[in-house]
Amino acid sequence: MTTKSITEMPSVGYGATLWRIIKSFGLLRESWVGMIGAFLVLFWVFIAVFAPLIAQFDPNAAIQPFAKPGTVGASGGTFWLGTDHMGRDILSRIVWGSRTVLFYAPIATVSAYTVGILMGLMAGYRGGLVDDILSRISDIILSFPVLVLYIIVIATIGASGFNIVIAITFASSPGIMRIVRGLVLDLRNRDYVAAAQTRGESDWRIMLFEILPNARGPLIVDACLRLGYVIITIGVLGFLGLGLPPPDPDWGGMVNETRQMAMVFPHMTMFPCIAISSLILGFNLLADGLREISLRD
Amino acid sequence: MVLLLLKRIGFMIFTMIIVSMILFMLLETGLTGDPATRVLGNFASDEQKELWRDQHGYNQMVVVRYAKWLGNFATGDLGTSIRYKGPVKEVLLPRLWNTAILGFWTFAIMIPLSLTLGVLSGMKEGSLLDRGISVFGILTTSVPEFASAVFFSALFVFGLKWLPGTSSMASGFEFKQLILPAMVLVVYDFGYVARMTRASMAEVMTSQYIRSAVLKGLPYRQVIIRHALRNALIAPFTVIMLQINWLLSGVIVVEFFFAYKGFGALLLEASLNNDIALLEACAMVAVVVAVSSQTLADIGYTFLNPRIRFS
Amino acid sequence: MNDKQDPVLVCKDLCISYYTRAGEIPAVVDFSLTVKPGETIGIVGESGCGKSTVAMAIMQYMGANGGIKSGSIMFKGRDLTTLSEDELRSIRGSEISMIYQEPFASLNPSLKISTQLMEVPLAHENISKKEARKRSVQMLEDVKLPDPERVMESYPHQLSGGQQQRVVIAMGLLSNPSLLLLDEPTTALDVTVEAGIVNLIADISKKFGTSQIYISHNLGLILETCDRVFVMYSGEVVEEGTINSLFTWPKHPYTHGLFSCIPLPTTDKNAAPLKPIRGQLPLPFERPSGCYFGPRCDHFKKGLCDQDHFRMENVEGSAPDHRVRCLQYKELDHTKEASGETVKESLNIGKRVLNVDGMKKYYEVKDTSLTAFISGKSVRFVKANEELNFTAHESETVAIVGESGCGKSTFAKVLMGLEAGTEGEIRHNGKDISDIEVRDRSTKQIRSLQMVFQNPFDTLNPSHSIGGQISRVIRQFGIETDKKKIFDRVMTLLDTVKLPRDFYFRKPRQLSGGQKQRIGIARAFAGNPGIVICDEPVSALDVSVAAAVTELLMDIQREHKTTLLFISHDLSVVRYLSDRIVVMYLGHILERGSTEEIFAPPYHPYTEALLSAVPIADPEITKRKIVLEGNLPSAMNPPKGCPFCTRCHRKIGDICDNEMPQDQVVSDRHVIKCHIPIEELNQIKPVIRIPDKSERVHAD
């Protein structure tokens, strides 16, 4: 190595963390469960990114109602998955719907994590009154049944993409805070934290540089799982009619709109269900694979 | 110990009061939009809105209204439902009872099943049974309730034609109609509880006191039942109590899907129809049930864990 | 011990391996052992030598991936490796029992002691519950537990560590086994508690006729309890013999090396320092051909010691069962080892740098019990430090000695500024720092007062590289700001702690315990501190590694003239390297003075008990045995009078219970806090008697 790169601060900082995350995907080779999960996730990411190229039709265009899967459209193109009761191509709706999901879910999760991590660090490290207040608040929020909480929040602030992100952040951050707090309580008794304290390091520096990097294992696993939960939430809210307003394609909404006709036209409900289940399965398997690997370390 | 109990119960009451305040602020005050506009719609005239507000006592001071409302609530007067045009109590209680029935059967099947399979797979970590249950558990928790409802309907209602598609109990109580909703709930939650139990059991099985018990020459059965289970089942017990909280969420989707006249469907209806009194009442009931079950879980854990009980 | 009877256990040519995904790991390579009835055998070795694996193999409990590759284990004529699970079950607990290292972890936290005791005889013999209960109570008495009925009704967490271990021993002996395996049974216990357990173990053979296999890394403990000893290195036995033959004439270079690593009363940090064994234990699949110890041996002869694997030989001229695995043992004379070359210079003690004056530290604790609620007094005090008085000079090593709960860690925290003292002063270079917390101290103050921590595995942040962590420290202390200069300084520090320079880029998990501790030392000395607090820096390390780290500390101290405050419970190490000693108990200083003064009468009764409890690995040194009864009082409820009154063996009466003793000055800087007058204390016979060189059989 050249002198220049040696004297730069090696391996501290969050750029390095991102690189490590990418590297750890290579580790998944050790866990076939994780590999399948990663494959599923990447599959949907690919579809979401290339949606305009994959979908043959405009997802909101009413073309030919009640077409069975595989029917060829009047003006060319095939309805590979059939059309719904309003004549929209289901495949295109699913493809574009993946964009919605894979846009809002990560944002909501990241937002929840930011709030949760900050709260958890403060509660776990500082302790005392700060911990008491934050823990009480999180206990109160967590004592609501989750969906009831969502319904009430959405009922009051209305349904929109942004509001859903707010609702999810609000409902998920206490759980994350609890996990981070538990990890911090364990890690702050380590000698290297005491060493940093005896050097006079500031609290925030210790929380972010000494403690948080060592908590990343369980947090990464939890993040994958939580992405799964968030996707379920978005789907359920859509199903209950509290999700994104129509006509934008929303997997949950698609199921709700078409379930009355499921007896005669099962394809309209089945495909969105398979889509959402496979994506969630991908994240769950990925989380399991990552957990296996971190246990083996 | 007694002090601990009192603290817990005190906190429970404290939580419920805070929650009621939050609910009240959100729904009854103008914090998030004028209630009159919400109920009467945007096109009502200002006079109509004012009249409505007066009629429903919205022009008094917030604190007074809150006190009145809380007082009413405590004495059983839950207000009037706009949609059902009658006292909320009369609509709420039978629905609550229906959900209780559904919940009972769900738990009656789910708990023994998940505990048994969780313990068995934890005992034989890494075995085929263990891997199978793990995979099955991941699969079932990856399918949202509405999706599994769709799949089960397709199979049992449309395909095999064994079960009815809706559970509205139109002609009196029919057990058959309870099967699909319960099945959806059981399948979804089983995975989580089974995996928690498995994790707890596996951790206990690798502990040093189990090694001591084996090396004392005790029969394997005694090691499992007397030594392992006693410690392994503490965590799952609390988890199961917390599933009551989960159940209140889960029933919303299931009842909605199968048109089962339960509490969850009522809550949803109330929110979609802006039926404020009903929504408040449902929310409060949900919170009371949830917080009580959590407190019970806490107390139970304290009781089951000798380290805390005798210290 | 009956020589004519058949042996209880015979292990022959045992070869045990673990089968993991990474391949086969041969943990034990060639192990043979014979145990006669009533005999106590010691197996001594460092971590990774395979001694615990052998114990598990005897119990046939090696886990899913361990297996006996070859060899046999004959227990009373039956080969344990061929028995079925049912047959093994009937042997375990009734014929062979095991005692483990962590007593609390070995007991089920959710079951009463009575249940856990009674199920042993109930499972193996056909007796009634009443009879089982009677025997359990009797056994609790036999292991000297006071109030056995109360213990029967308790849960494990309600007992102290020493009591728990006695319960585990009782559990092991209930069905009168022929063989008892003890795997480091006292490592997790305090020194004075350990002495009691060791005493008990030594009595077991006499009382019950049980044979014992005692596994430890501490040669002193082996000396006190065993009749014969086996020394293991890297999976095989390298020397075996009776206590007398092996301890007086160790023949194998490794055995001899081990003895040179232990601070005995005859070592002196300047005149006869410790001689650490160079090199590192080889990994199981990196064992060299021929003698495994070869690469680290000073007498290694190429062409002789690195050929085929060789067997044990009987030592000529010694007892018939003294055997050694060394091809050169006849030629080697360890007594002629070059001891002159490593004499080190002694230090001149300089001016005073630290003055602790009447320092108190009380913690406030909110009492949530019902009684407090009713009486209104809900705040109680834990008196962690009470009226501490002592001084430290430049280049001096002051040891703070005490067991758990004595307050030494609290004192370290106040000194470092992690906590603020409640009363009193700590003057460092003139300035009182007792109430200044770290965040308010100047950089200069911070870097002149640093700490080396106890647990090497936690002392470094696992997420950052070594170089990064040390660089950060250098930058923070404001020593250098230029990147190149910082880098050079890190390299210099790595040289000082004798680690290769490319460790800069490594992560902590790639380092061994000893190496991590060296980095911890480098980090503490990065800012040229005036005082360094060492909190049990070597107690978690193996003997040979500990010796190397201890010597490193001494060397650095010589170079920088640093004052060391050495916190420890290990009086052997303390005697070796400290100039002055402070003895703490329950927050008080009971005695303080120079090392010679502490180790000779007059003693404080607690000091006397501590000295008696320390295991010494020299068979010619005699000790008086003093075992403390009673329990350590709770820190929240200390005795009104002398803190030691509940356990003191020289208690003179009610005055000890009711009045706090005053400091009695024996000489300048030697103070004892006791009611017994100095004249009487002076009459006490010394605890440790070291024979003159002329009296010794083995001149070293």
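User: In β8(C), what is the bridge partner of C:Ile41?
Analyst: In this model, which is a predicted one, C:Ile41 has C:Ile213 of β8(C) as its bridge partner.

User: And how do the two strands run, and over how many bridges do β3(C) and β8(C) pair?
Analyst: Strand β3 of chain C, residues 40–44, pairs with strand β8 of chain C, residues 211–216, in the parallel sense, and the pairing extends over 5 bridges.

User: What about β9(C), how does β3(C) pair with that one?
Analyst: The pairing of β3(C) with strand β9 of chain C, residues 228–233, is also in the parallel sense, here over 4 bridges, and within it C:Val44 has C:Val231 as its bridge partner.

User: Is β3(C) mostly covered or mostly open?
Analyst: Strand β3(C) is mostly covered, with 5 of its 5 residues buried.

User: Which way do the residues of β3(C) point?
Analyst: C:Thr40, C:Gly42 and C:Val44 point one way from β3(C), while C:Ile41 and C:Ile43 point the other way, and the residues on both sides are buried. As background, side chains in a regular strand alternate between the two faces of the sheet.

User: Switching to chain B: how many helices and strands does chain B have?
Analyst: Chain B comes to 14 helices and 2 strands, and of its 311 residues 39% count as buried. Among the contacts in chain B between residues at least 6 apart in sequence, 72% join residues at least 24 apart.

User: Inside chain B, at what angle do α5(B) and α8(B) pack?
Analyst: Helix α5 of chain B, residues 88–123, packs against helix α8 of chain B, residues 175–205, at an angle of about 30°, with the axes 6 Å apart. The two helices are therefore roughly parallel to each other, since angles under 35 degrees count as such, and α5(B) passes α8(B) in a right-handed crossing.

User: What kinds of residues make that contact of α5(B) with α8(B)?
Analyst: The contact of α5(B) with α8(B) is made up of 20 nonpolar, 7 polar and 2 charged residues.

User: Now the contact between chains A and B: how many residues does each give?
Analyst: Chain B contributes 36 residues and chain A contributes 36 residues. On the side of chain B that touches chain A, the elements giving two or more residues include α1 (2–27), α11 (234–258) and α13 (276–304) of chain B, and by class that side has 27 nonpolar, 9 polar and no charged residues.

User: α11(B) came up there; how does α7(A) pack against α11(B)?
Analyst: Helix α7 of chain A, residues 146–157, and α11(B) pack at an angle of about 65°, with their axes 6 Å apart. The contact brings together A:Val146, A:Leu147 and A:Val148 of α7(A) with B:Leu248, B:Ser249 and B:Ile252 of α11(B), a group with 5 nonpolar residues, 1 polar residue and no charged ones.

User: And chain C, how many residues of chain B are in contact with it?
Analyst: There are 17 residues of chain B in contact with 27 residues of chain C. On the chain B side of this contact, α9(B) gives the most, with 5 residues, and the residues of that side divide into 9 nonpolar, 5 polar and 3 charged.

Technical notes. Residues are numbered from 1 along each chain as its sequence is written. Chains are lettered from A and ligands numbered from 1 in the order in which they are written. This is a predicted model: local features need pLDDT of at least 70, side-chain atom pairs count only at pLDDT 80 or more; totals for chains, interfaces and linings use all residues. Two residues are in contact if their C-beta atoms, placed from the backbone, lie within 7 Å. Ala, Val, Leu, Ile, Met, Phe, Trp, Tyr, Cys and Pro count as nonpolar, Asp, Glu, Lys and Arg as charged, and the others, Gly among them, as polar. A residue is buried if 20 or more other C-beta atoms lie within 10 Å of its own, exposed if 12 or fewer, and partly exposed in between; C-beta atoms are placed from the backbone. Axes are lines fitted to C-alpha atoms, for helices over the stretch in contact, and angles run from 0 to 180 degrees between N-to-C directions. Two strands pair if DSSP finds at least two bridges between them. Angles under 35 degrees count as roughly parallel, over 145 as roughly antiparallel, 65 to 115 as roughly perpendicular and the rest as oblique. A crossing is left-handed if the near helix is turned anticlockwise from the far one by less than a right angle, and right-handed if clockwise.
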